[in-house]
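Hi there,

As promised, I am handing over the structure we talked about. Please have it open while you read, and my notes follow below.

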Amino acid sequence: NNNNNNNNNNKTIVRFHDIADESLDRQVLLMNKDHPGAQQIRILKFAKSQWEAVESLTRGDFYYHNRIEKKNTKKKPLELRDLSAIKTEYRPYRVEYALRPTEYPKNLPTIILKTNSFQVRGKILETAVNQYEVSFEPTIKSELVTLREKVVLGSSLKLRRKNFDILREKFGEFQFDNHALYSMGAKQKLKKVVFTKGELSPDYEITFHCIGDFRLSDPTIPIQQQEALLNIFNRKRLQNSGFSRIGRGWFKKGCDNNKSVSNSNSNNNSNSNNNIRRNRNNYNNKMQEISVISSSSSCPDVNIIHGFECSMRILPKHGDRQLTVFKADLSHKLVERLTLHDKIELIRQTFYHHNNNGDQWKLKIEKECKKRHFLLSYNKRNLQISSIDWTQNELSLFNLGTGGKISYRDYLYRQYGIKSPKKELCVILDKSGAVFLPQHIRLTITSKQSDAIYDEVLNFVNPRTDERLNRIENFVQHINAPISNNNNNNNNNN
């Protein structure tokens, strides 16, 4: 590579997907059928020898341990050179931690420690939970996890919404884990619930039998299941506070755009950083976005949407104390600063400026936008462009499920209370066939696509520890505020 002197070429960019490919999930399950729980290490035993070969999970090979002399070596001992292992054992990997001091010096200086973990107060662990066993007709084997989940919860976004509404009407808030459904806050405890073919799934009848109830603090429940149920409360609180979930992060719905602008010109880095810093306090309070203006034609202007990753955790029990904590960290999404409507208009005007009056600009838009992911402005849903329909616009009509016809513009105003004043040249369709207006769409950007302004983006998404903790504290105060103070007008827009 002749470009080693170029700093940009030395950056390693890795993108982790929130959802793994289904074939990868199957392979992982097949590889982990040997034993439940954490990966164990292999121990190879040799006849008439105090040496044993121990698998190293770090290096992926073996080192040799002498049980009598308590010493290790990477090199195979001479006495084992002509010997083969006679036995293979599996052991848990032993982790040794430093012991807590039993005595501390007198007059020891102390500090105030700030963390991203907050104690949850109240009697949340005493919440009553009903447990339902699920069965299918025709039968679905328990190892077909994905199929069972799709049949109960829905196989598409539209069906998931429908099934969740039906299940919440019967069970209140719930958590489904393949074998059982756990219900909280139902209007009444139902002994048996049957959904015939066509209600949740067109091909299966699904029956839920109540097999008992318990408290969240019940010691017989695996801690992973307790935490999954706890996070139902977490999800509900965040939704009531006006947040939508995208992947693992939670993002404020309907936040204002372009509240802070920086310049990514390499000669003005200090100015751009100051521009970001000047607006951060205001940003923390209002959950607004930050814009980074690019000086490179290869990289569009970027908006950084500020969000959070958070969950509830149950700490190991100390005596009679069982603590629940709320853990949070920063999360961000990068989107183009221009809406898709403005991007389309800019490309069209550029082509006309060069006296190209054909439809070549449409081909360029198709090439740049198809298969790209995007966020909606009114509920922060993350979707993918499947096709562009140049025969429709915001005034085109579609059939309502309840009967009658309505334009896309009027539907958005009726459903979400948002106006669509711009004249569209097309509409966007996702893989399910749902239609969206470009003026409410912004395309997401990967780290690689924003490489030209990587440093400016990094200054914001990876702040100093004190600033990171201040943002998290502001977030916790925001969701702890009374619901009436949280601008809860759009809570039902998910």
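**What I found**

Strand 7 and strand 11 (residues 205–215) run antiparallel and are joined by ten bridges.

The average pLDDT for the chain is 79, and 83% of the residues score at least 70. Two stretches call for care. Over residues 1–18 the pLDDT stays under 50, and the model has twelve contacts beyond four places in sequence for them. Over residues 485–494 it also stays under 50, with 24 such contacts in the model. Where pLDDT is low, the predicted coordinates should not be read in detail.

Next, please look at the open sheet of five strands, which has the order 4-3-2-1-5 and antiparallel pairing. Strand 4 (71–73) and strand 5 (87–91) are at its edges with a single partner strand each, so one side of each has no neighbour in the sheet. On average, and ignoring direction, neighbouring strands of this sheet are turned by 30 degrees against each other.

The partner of strand 4 is strand 3 (residues 62–66); the two run antiparallel and are joined by three bridges. Asn 66 has Lys 71 in strand 4 as its bridge partner. The loop between strand 3 and strand 4 holds Lys 70, a residue that has a positive phi of about 55 degrees although it is not a glycine.

**A cis peptide bond**

Which peptide bond is cis, with omega near 0 degrees? The bond from Glu 137 to Pro 138 is the one I have in mind. Pro 138 is found in the loop between strand 7 (128–137) and helix 2, which brings us to the helices.

**Two helix pairs**

Helix 2 (residues 145–153) packs against helix 3 (residues 157–171) at an angle of about 70 degrees, and their axes are 8 Å apart. The two helices are therefore roughly perpendicular to each other. On the helix 2 side, the contact is made by Glu 149, Val 151, Val 152 and Leu 153, and on the helix 3 side by Leu 159, Arg 160, Asn 163, Phe 164 and Leu 167. Sorted by class, this contact has six nonpolar, one polar and two charged residues.

The other pair is helix 7 (residues 340–353) and helix 8 (residues 360–369), whose axes come within 9 Å and cross at roughly 140 degrees. Helix 7 and helix 8 are therefore oblique to each other. Their crossing is right-handed. From helix 7, Leu 340, Lys 343, Ile 344, Ile 347, Arg 348, Phe 351 and Tyr 352 take part, and they meet Gln 360, Trp 361, Lys 364, Ile 365, Glu 368 and Cys 369 of helix 8. By class, the contact of helix 7 with helix 8 has eight nonpolar, one polar and four charged residues.

Happy to go through any of this with you when you have a moment.

Best wishes

Definitions and conventions: Residues are numbered from 1 along each chain as its sequence is written. This is a predicted model: local features need pLDDT of at least 70, side-chain atom pairs count only at pLDDT 80 or more; totals for chains, interfaces and linings use all residues. Side-chain values use heavy atoms; hydrogens and water are left out. Two strands pair if DSSP finds at least two bridges between them. Helices (H or I, at least four residues) and strands (E, at least two) are DSSP runs, numbered from the N terminus. Axes are lines fitted to C-alpha atoms, for helices over the stretch in contact, and angles run from 0 to 180 degrees between N-to-C directions. pLDDT is the predictor's confidence in each residue, from 0 to 100. Contact means heavy atoms within 4.5 Å. Angles under 35 degrees count as roughly parallel, over 145 as roughly antiparallel, 65 to 115 as roughly perpendicular and the rest as oblique. Ala, Val, Leu, Ile, Met, Phe, Trp, Tyr, Cys and Pro count as nonpolar, Asp, Glu, Lys and Arg as charged, and the others, Gly among them, as polar. A crossing is left-handed if the near helix is turned anticlockwise from the far one by less than a right angle, and right-handed if clockwise.
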